[in-house]
Amino acid sequence: LDYQLIYVNSGKLTMFYGECKIVLKEGDIVLLPPETPYKYTNIGSKKISYFWVHFTGGEAAKRLEEYSIKPFPTVYETKPGNHIPQRFFAIFDAFSKRNIHLERELSALLERLLITVTRSVTTGEKQGALSRSIKYIGANYNSDIRIATLAEMEHLSVSRYNFLFKEQFGIPPTKYILSLRMSSAKELICSTDLSIKQIGIMCGYDDAPFFTKTFKRFFGVSPIEYRNLYIK
């Protein structure tokens, strides 16, 4: 249920976030939002070192917005000598000692870590040449998005765009868009009293039976069944 900030100190991690896959290398940092399943694994035989911290609270989203730290699929590259490991160690040290006013101390140390991250990231994000289309998808995933339109944004052919997208995220853009739609549908089913038809329309499906069929194929249960399971 928390945010999780992961920083790769050395080696490489393959991260699976929903149906997306991306490789994190030394110096990369990524923010995972709440309520989304993920896993990550080491690549190859090289020893890996990484740091992570969970956090939540009423001010978390506001602070992240203030520091312009976006959640996955944005992955930030940081400058060498960025002091990020030291900030993590300070948090671990305070947590292990559990002195008086620990919660306030941890909040202050987390704030310092976020400030250091903001100052340490390079101007470019790992999304690279696909950043324009990724942002467009994020804002319009519930609309009719044509791959040709996305490719044109990046000045690429459709075949080249599909290749680069799959290389970066591990799935084709159509499946990425579907993943965003289903994630949004799941959240609306669990957090609102909207009808299944209304939720389908909000997620880009005017045909309610088709939305139900797609949802069931993606999650293994129908939207109604999923809502009943969540309520229980």
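**Entry 1: α4 and α6**

I looked up how helix α4 (residues 131–140) and helix α6 (residues 158–169) pack, and found an angle of about 80° with the axes 12 Å apart. Axes here are lines fitted to C-alpha atoms, for helices over the stretch in contact, and angles run from 0 to 180 degrees between N-to-C directions. α4 and α6 are therefore roughly perpendicular to each other (under 35 degrees counts as roughly parallel, over 145 as roughly antiparallel, 65 to 115 as roughly perpendicular, and the rest as oblique). The helices, like the strands, are DSSP runs numbered from the N terminus (H or I, at least four residues, for helices; E, at least two, for strands).

I noted that the model is predicted, that local features need pLDDT of at least 70 and side-chain atom pairs count only at pLDDT 80 or more, while totals for chains, interfaces and linings use all residues. Residues are numbered from 1 along each chain as its sequence is written, and side-chain values use heavy atoms, with hydrogens and water left out.

Which residues in α4 and α6 meet? From α4 I listed Ser-133, Ile-134 and Ile-137, and from α6 Tyr-161, Phe-165 and Phe-169 (contact means heavy atoms within 4.5 Å). I sorted the residues of this contact of α4 with α6 into five nonpolar, one polar and no charged. Nonpolar covers Ala, Val, Leu, Ile, Met, Phe, Trp, Tyr, Cys and Pro; charged covers Asp, Glu, Lys and Arg; the others, Gly among them, are polar.

I checked Ser-133 in α4. Ser-133 counts as buried because its relative accessibility is 0% (buried means under 20% relative accessible area, exposed over 50%, partly exposed in between, with a 1.4 Å probe and protein chains only). Leaving out residues up to four places away in sequence, Ser-133 touches Leu-150, Met-153, Glu-154 and Tyr-161.

I then went to Ser-120, which is in helix α3. Ser-120 has 6% relative accessibility, so this serine is buried.

Is Gly-220 buried or exposed? Gly-220 is exposed, at a relative accessible area of 53%, and sits in the loop between α9 (208–219) and α10 (223–231). I found 42 Å between the C-alpha atoms of Gly-220 and Ser-120, which are 100 residues apart along the chain.

**Entry 2: α7 and α9**

The axes of α7 (residues 173–191) and α9 come within 11 Å and cross at roughly 100°, so α7 and α9 are roughly perpendicular to each other. Residues in this contact include Leu-178, Met-182 and Ile-189 of α7, and Phe-211, Phe-215 and Phe-219 of α9. By class I recorded eight nonpolar, two polar and one charged.

**Entry 3: the chain**

I recorded 10 helices and eight strands. Buried residues make up 39% of the 232 residues. The C-alpha atoms fill a box of roughly 55 × 45 × 35 Å, taken along the principal axes. Of the contacts between residues at least 6 apart in sequence, 66% join residues at least 24 apart.
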